[in-house]
Amino acid sequence: MKQSKPVLHHAPHSRSQMSLCMLEEVGVDYDLRLIDLVKGEQKQSQFHEINSMEKVPVLQHGDATVCETGAILSYLADAYPEAGLAPAPGASRERAEYLRWLFFGGNCIEPAAMELFSPRKEPLNPGQASWGDFPRVLQALREVLSERDYLLGDKFCAADVLVGNQVGFLIRFKSIDPAKEIALAAYAERCESRSAWKRMREHEAKHPNPWA
Ligand SMILES: N[C@@H](CCC(=O)N[C@@H](CS)C(=O)NCC(=O)O)C(=O)O
């Protein structure tokens, strides 16, 4: 395990709160470097050097730089196995399911949600779009979460940090109706009641929300 402190380049109230939540779940000491997206700090050359996409989150740890939320969550789960947030790397049914949901968050939930918020004039063919469409994404989540408390069963994992935050976000933005989607609403509540998530929200509450 690397001994240096992880550093998260973070913009409060942005997608990087999922990486902040993960650091709290892992329970290690870390530093935050705040990036003001409204002022355009992500476009400055020092930041471009660490993420050529000019987006938060970015995690730095020793000589490693990790961009992309799913990769950061996976990196932290593997770097701190004692936190028990991922099935051990290797060929196992659990690891396969874990990877599926970790990638599902970024590859399917995220683009399907963006399609909802900014619909296209010509809707995409769900057979051609790699994420299908929002109804299919919702159905996949419904199927797993009506059977299980968390994506892998009883045990919370790093994929729940991603998917749990995304489901909570979709409920808050009224894309998922909690009165109809009882299992999804209960899942989001289960995740949000974790102490790490409360600490993440306390961090976020110290900063005004520029998007509100
Ligand atoms: N694919 C990235 C997306 C991250 C992202 O969209 N970050 C937004 C904040 S929510 C950002 O930094 N936007 C600033 C910009 O593009 O100028 C991930 O999953 O980490």
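Hi everyone, a definition to begin with: helices (H or I, at least four residues) and strands (E, at least two) are DSSP runs, numbered from the N terminus. What I'm showing is a predicted model, where local features need pLDDT of at least 70, side-chain atom pairs count only at pLDDT 80 or more, and totals for chains, interfaces and linings use all residues. Residues are numbered from 1 along each chain as its sequence is written, and side-chain values use heavy atoms, with hydrogens and water left out.

Let's start in the loop between α2 and β3, which is where Glu54 is found. Glu54 has a phi near 55°, a positive value in a residue other than glycine. Pro57 is in the loop between α2 (45-50) and β3 (58-61) as well, and a cis peptide bond, with omega about 5°, joins Val56 to Pro57. For background, most residues other than glycine have a negative phi, and most peptide bonds are trans.

Now to the ligand. Which residues are around it? They are Ser14, Arg15, Leu37, Gln42, Lys43, Glu54, Lys55, Val56, Pro57, Glu68 and Thr69, where being near takes a heavy atom within 4 Å. By class, that shell has three nonpolar, three polar and five charged residues. Here Ala, Val, Leu, Ile, Met, Phe, Trp, Tyr, Cys and Pro count as nonpolar, Asp, Glu, Lys and Arg as charged, and the others, Gly among them, as polar.

On to polar contacts, meaning pairs of N or O atoms within 3.5 Å. A ligand nitrogen is 2.6 Å from a side-chain N or O atom of Glu68. Gln42 has a polar side-chain atom 2.8 Å from a ligand oxygen, and for the side chain of Arg15 the distance to a ligand oxygen is 3.2 Å. On its own the ligand has 520 Å² of accessible area, and the protein covers 74% of that; the areas are Shrake-Rupley with a 1.4 Å probe.

Where does the ligand sit? The space it takes is the largest pocket, the test being that more than half of its atoms lie within 2 Å of the grid points. A pocket, on a 1 Å grid over the protein atoms alone, is an open set of points where a 1.4 Å probe fits, with protein on both sides within 12 Å along at least five of seven lines; lining residues have an atom within 4 Å of a point. This one holds about 1,400 Å³ of space, the volume being that filled by probe spheres set on the points. Of its 44 lining residues, the closest to the centre are Ser14, Arg15, Met18, Glu110 and Phe169. The lining divides into 21 nonpolar, 13 polar and 10 charged residues, and α4 gives the most, with nine. Thanks, all!

How values were computed:
Polar contact = N/O pair within 3.5 Å; in protein donor to acceptor, adjacent residues only side chain to side chain.
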